Amino acid sequence: MNYSVKKIGQILNATTQIDSKIVTGVSFDSRKVKSGDLFVALVAENDGHDYVQQALTKGATAVLVDDRHQIDSKIPAIIVSDTLLALQQLGEYRRHQINPKVVAITGSNGKTTTKDMASAIMGSQYKTFKTPENFNNEIGVPLTLLTMPDDTEVLVVELGMDRPGQLTTLSELVSPDIAIITMIGEAHIEFFKTRENIAKAKLEITKGLKSQGTLLIPYDEPLLTNAQVKQNVQTFGQDIKDINSSSSKTIFTYQNTRFAIPLLGRYNIMNALAAISAGILLHIELKNAAEALQHFDLTKNRTEQLTISHGVNLISDVYNSNPTAVAAVLATLKIIPATHKYVVLGDMLELGEQAASLHACLAETVINANVDGVYLVGPLMNKYLYPILQRRFDSAHLHQYETDQLAELIKDLQTLGENGDVILLKASHGIHLENVVNALVK
């Protein structure tokens, strides 16, 4: 990014002042501003206009502000009616200026892992940029567009969603060539009420999908396979052969090519096949895709495998959680070769009026996983799942903690198990089990 204040004003059809300054980056957090940045004063819980001077002191070249706030005439500025909308318009301009092929990914689970896989695959033959961390909302997506390098040939972008209409905005913003829906689960069912409504909202990703673009969907999800979509639709997940799992990787054959991914679980095979299918559409050779997936950069806390001091293996999947995701990861835990296995389950959030039944329904899944110990964290797990599990586990093998008792949980887990045993941690991000993981691997 290398725009003058005047150029940004022209792109946004906005008023500018001291417009000869050059902007080389963008930030909406005054604490993270770097020299050359455009500071975007967003109005949310905090008003970014209150931090304009702090941003300038940190090195901001200019500020993007709205016309309802007074701004010193000596400050380089772009003045608009809505700073969030302007940020999105600036991102959209850059998307079309650089004009990479865009692979957009959404889904109730697996979108970040699929993003990481797709980026690795595309990177085997193209100059590729992907969504940093989890920058997947109305702010993060335009920031992704504005931070991608000038020579980007393929952009792999993650699109999040927690309400109707959100994916329409994001999809139209990035104008994808390929769109992927990884799966339909129960994430955000508090707001959508049914999986059918979630599927309908996920299909909004096609609103910005180019007319000649392709939508990739799992072959075994009728809520998607029966949907009416104008663009080309392809399914993924079929024709997998020779699946084998070890404690550190999953091996499978697809189209006569052997793949080995450093992740566990059939759900990660599905994520890999979504990414591979996108690669095929962009003419990536399967041998290159297979090599890329052997070692790729995985965003932290997405089915991350770690080892603590006394040799116990941790499986950390603590960024989000819902019943479908918990069932999938427990099915994986069941087939891992280990003498002893333990599971730490934190509350699944944003399930609304279905929270009680959806937490209770995990009981059979937990019992069938054949674990040696269960550690429950949070009021929902303790109220709805714990009483059911008490019928099958004694007090030595079933434990409960409130969300303010993570220190006690850490202490109990630090000496749990022996070399080669496995502890799985799964919860919604709001439970903050990442703090438990970080403490255990110190």
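In which strand does Thr253 lie? Thr253 belongs to strand E15, which covers residues 250-254. The structure discussed here is a predicted model.

**Thr253 and its surroundings**

- Thr253 has a relative accessible area of 13% and is therefore buried, the cut-off being under 20%.
- The side chain of Thr253 makes a polar contact of 2.7 Å with the side chain of Arg258.
- Leaving aside residues up to four places away in sequence, Thr253 touches Asp239, Ile240, Lys241, Asp242 and Arg258.

- Strand E5 (residues 37-40) pairs with E4 in the parallel sense, over three bridges.
- Val26 is located opposite Leu38 of E5.

**Helices across the sheet strands**

**Helix H3 in detail**

- H3 comprises 16 residues (83-98); at 1.5 Å a residue it should span 22 Å, and the 23 Å between its end C-alpha atoms agrees with this.
- At the start of H3, a side-chain oxygen of Asp82 comes to within 3.0 Å of the backbone nitrogen of Leu84.
- The buried residues of H3 are Thr83, Ala86, Leu87, Gln88, Leu90, Gly91, Arg94, Arg95 and Ile98.
- Because an α-helix has 3.6 residues a turn, residues three or four places apart point the same way.
- Asn99 follows H3 and has a positive phi, near 60°.

**Nonpolar cores**

- The largest nonpolar core contains 58 residues, and Leu159, Val374, Leu376 and Leu389 have the most contacts inside it.
- Apart from that core lies another, of 35 residues, which includes Val154, Ile269, Leu293 and Phe296.
- Not counting residues up to four places away in sequence, the residues touched by Leu159 include Ala104, Ile105, Val141, Leu167, Leu170, Val174 and Ile205.
- Other contacts of Leu159 include Thr106, Lys111, Asn136 and Ser171.
- In soluble globular proteins, nonpolar side chains tend to be buried together.

Terms used. Residues numbered from 1 in each chain as written. Predicted model: local features only at pLDDT ≥ 70, side-chain atom pairs only at ≥ 80, totals over all residues. Heavy atoms only, no water. Helix = DSSP H or I, 4+ residues; strand = E, 2+ residues; numbered from the N terminus. Expected span 1.5 Å × (residues − 1). Buried < 20%, exposed > 50% of the residue type's maximum accessible area, 1.4 Å probe, protein only. Polar contact = N/O pair within 3.5 Å; in protein donor to acceptor, adjacent residues only side chain to side chain. Contact = heavy atoms within 4.5 Å. Core = buried A, V, L, I, M, F, W, Y, C linked by side-chain atoms within 4.5 Å. Pairing = 2+ DSSP bridges.
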